[in-house]
Amino acid sequence: MSRPRVFVARVIPEAGLAPIREACDTDVWPDELPPPREELLRRVEGIDGLVSLLTDRVDGELLDRAGPQLRVVSNYAVGFDNVDVAACTGRRIPVGNTPGVLTETTADLAWALIMAAARRVAEGDRYVRAGRWRTWGPMLLLGSDVHGSTIGIVGFGRIGQAVARRATGFGMRILYHDLSRATEAVERELGARFATLDELLAESDVVSLHVNLTDVTRQLINRERLATMKTNAILVNTSRGPVVDQVALFEALRDGVIGAAGLDVTDPEPMAADDPLLTLENCLVVPHIASATHATRGRMASMAAANLLAGLRGERLPNPVNPEVYDRG
Ligand code: DGY
């Protein structure tokens with residue numbers, strides 16, 4: 001029997017590649033950069049399974065080019081806004097993602113950004129490297145206290161709650177906002193209080209974003225909402241870049257409307273080296289690395305492989321984002 005044909009759109013850790021190679025005829029895109037669109041469309045022709053990354057747009061055009069034999073799309077990420085899920089569901093193709101395994105690692109990075117922005121860590125490092133450190137200074141690089149302040153968490157799923165759990169160790173008042181309330185048990189365990197988005201933005205010293213990118217959350221943090229935040233507030237985004245209006249953020253940081261920002265995600269990605277945000281000392285940007293630890297990327301790879309291989313066998317994916325494909329009818 002011939003082995004299924006699979007395209008893996010980038011080199012992922014061996015924990016995922018090894019089982020895929022063992023079971024499939026595997027074509028792996030070898031470059032550091034994602035396959036250009038035309039190349040991606042060419043490589044998917046005739047495949048049975050696809051491992052996509054958040055840099056690859058999986059839409060109707062791609063699915064048509066792949067052909068009717070395509071049985072599974074396994075996205076190597078928890079977010080799947082790069083995939084047109086409706087187009088996959090319409091063709092009864094299950095889509096898998098990698099939830100859970102990157103929760104704690106992502107929360108760690110959100111905290112790295114919170115601490116770094118509040119205590120001006122990147123700025124301090126630049127200061128030392130530039131040879132500007134001449135003495136201990138009573139007014140040098142003053143920041144804001146994180147302990148005892150108020151954190152507002154927008155999006156209170158797994159990652160948002162993991163960020164809240166860490167905030168309890170800093171004795172913070174914890175507000176959260178989501179489309180629906182967490183259970184009483186979760187609120188009690190984390191000492192978190194539900195707030196409207198308006199309340200949360202007005203009262204928080206730190207605002208951390210953990211929402212999926214949807215039509216509702218696109219540009220959620222816009223000029224008007226930034227204007228309602230505290231002037232010393234820190235905005236941290238480890239969700240998706242388009243959740244924040246970046247032009248408005250630049251102006252807010254430049255004009256002292258808010259205090260500082262820490263961004264793991266930008267719009268677009270990569271951020272151009274001459275982006276105005278990079279001229280601001282109170283803006284810290286890292287290149288979408290929230291899940292980037294050896295252990296977590298390995299776990300994501302195993303999970304992506306498990307989704308792919310289950311789909312190829314015609315079994316239910318361990319983590320389908322469109323379980324409705326399994327409905328009868
Ligand atoms: C995700 O998984 O969605 C992250 O953004 C990258 O790991």
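Modeller: The centres of domain 1 and domain 2, taken over C-alpha atoms, are 31 Å apart. This is a predicted model, in which local features need pLDDT of at least 70 and side-chain atom pairs count only at pLDDT 80 or more, while totals for chains, interfaces and linings use all residues. Residues are numbered from 1 along each chain as its sequence is written, and side-chain values use heavy atoms, with hydrogens and water left out. Domain 1 covers 5-101 + 294-326 and domain 2 covers 103-285; these bounds come from an automatic or database domain assignment.

At the interface, nine residues of domain 1 are in contact with five residues of domain 2 (heavy atoms within 4.5 Å). Between them the domains bury about 590 Å², with 44% of it on carbon and sulfur atoms; buried area is the accessible area (1.4 Å probe) that two parts lose on being put together, summed over both. One salt bridge is counted between the two domains, a salt bridge being a side-chain nitrogen of Lys or Arg within 4 Å of a carboxyl oxygen of Asp or Glu. Asp81 and Arg240 form a salt bridge through their side chains, at 2.9 Å from N to O. On the side of domain 1 that touches domain 2, four residues are nonpolar, three polar and two charged.

The second largest pocket lies between the domains, because domain 1 and domain 2 both give residues to its lining. A pocket here is an open set of points on a 1 Å grid over the protein atoms alone, where a 1.4 Å probe fits, with protein on both sides within 12 Å along at least five of seven lines; lining residues have an atom within 4 Å of a point. Its lining has 20 residues, and Leu54, Thr55, Asp81, Asn82 and Glu269 lie nearest the centre.

Terms used:
Nonpolar A, V, L, I, M, F, W, Y, C, P; charged D, E, K, R; others polar.
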